Amino acid sequence: MSVPFRAIHYFVEVARLQSFSRAAEQLHVSQSAVSHQVKLLESYLDKPLFVRKGRTVMLTAVGQSYFQEVVGALELVESATRNVKENDTRQVRLAIHGSLAVKWLIPALDDFRERYPNIDLTLQMLTQDGQFDSQWADCFITTQPPGTGYQRYHLYDETLKPYCSKSVWTEAHRITEPVELARFPLLSAISAFANGKPGTDWQRWFEKVSSRLPKTARVHHFSHLLLAAEAAKYGQGIALLNEFMTTEEERKNSLFELPFHSIRTDDSFYFVYPSSTAKSPGLEALGDWLVTLCRNR
């Protein structure tokens, strides 16, 4: 005979309410049905679970011990079932920087929707990193993950590599010494480093090969990597770009990586959501998919 799960459920209700009649009302069945299931469980265990004295019902020592062990398991089953039921539509609101969404996430969304057709993913524009308003979004991609109270998935550490247009690449890829790149206009993104000082990206790039940014270098400044990338696409110079700020189509047709070293910025990107919603299947699925997407980049 298999484990009588219905009988266990009925037993727990009787033990909680200390009454067969109240348990029957709670379960929306007859009192005789409850009595039958409890007797079935006692027969299965070959142990008495209750002492009946008139209308009074008391657990035996065995019944008390058994109740304490199974009640937690049943609560877990109920909780898991409730979570799945409540999250059946699995609507998820993800807050993300607009540039990262446009260049990296949106081109890959068809894959996510094919894998998880029952998750309704909405993208929200993240305007200020480090603010996590759960009324506005369910989860966030951030460079400033909270210390506590949130589930955290590491996505990637930001690196910058030199990119340029096809016309510039035709000449520049023949260069063997990094310092010679300064022959071309250098496109600098102020947002690449937290200090916000113009030219920091190229200064650190040259420092990595024990050199200095030549005083004769023509450096054109932009507030954001996205702007520097667009300027590079139009042949205006060489930009140090985060690969996640470029699309696959751009890397095939309009932005070409030069064969030189990369540098790390101060930023790492994380997918985070409140620990209070950690059992949400939609959030877990999105987190796993994002990690895989970054690893396969």
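Reader: What volume does the largest pocket have?

Author: This is a predicted model. In it, the largest pocket has a volume of about 360 Å³.

Reader: Which residues lie nearest the centre of that pocket?

Author: Trp104, Ala108, Glu248, Leu293 and Arg297 lie nearest the centre, out of 18 residues that line the largest pocket.

Reader: And which elements give two or more residues to the lining?

Author: They are helix H5 (98–105), helix H6 (109–115), helix H10 (248–253) and helix H11 (281–295). The largest share comes from H11, with 4 residues.

Reader: How does the lining of the largest pocket divide by class?

Author: The lining has 8 charged, 6 nonpolar and 4 polar residues.

Reader: Let us change topic to the helices. At what angle do H1 and H3 cross?

Author: The axes of H1 (residues 5–17) and H3 (residues 31–45) cross at roughly 110° and come within 8 Å. The two helices are therefore roughly perpendicular to each other.

Reader: Is that crossing of H1 and H3 left-handed or right-handed?

Author: The crossing of H1 and H3 is left-handed.

Reader: Which residues make the contact?

Author: H1 contributes Arg6, Ala7, Ile8, Tyr10, Phe11 and Val14, and H3 contributes Ala33, Val34, Gln37, Val38 and Leu41. By class, the contact of H1 with H3 has 9 nonpolar residues, 1 polar and 1 charged.

Reader: What about H2 and H3: how do their axes cross?

Author: The axes of H2 (residues 20–27) and H3 cross at roughly 105° and come within 8 Å. That makes H2 roughly perpendicular to H3.

Reader: Which residues are in contact there?

Author: On the H2 side they are Phe20, Ser21, Ala23, Ala24 and Leu27, and on the H3 side Gln31, Val34, Ser35 and Val38.

Technical notes: Residues numbered from 1 in each chain as written. Predicted model: local features only at pLDDT ≥ 70, side-chain atom pairs only at ≥ 80, totals over all residues. Heavy atoms only, no water. Axes fitted to C-alpha atoms, helices over the stretch in contact; angles between N-to-C directions. Parallel < 35°, antiparallel > 145°, perpendicular 65-115°, else oblique. Left-handed = near helix turned anticlockwise from the far one by under 90°. Contact = heavy atoms within 4.5 Å. Nonpolar A, V, L, I, M, F, W, Y, C, P; charged D, E, K, R; others polar. 1 Å grid on protein atoms, 1.4 Å probe; cavity = no way out; pocket = protein on both sides within 12 Å on 5 of 7 lines; lining within 4 Å. Points joined across faces, edges and corners; volume = space filled by probe spheres on them.
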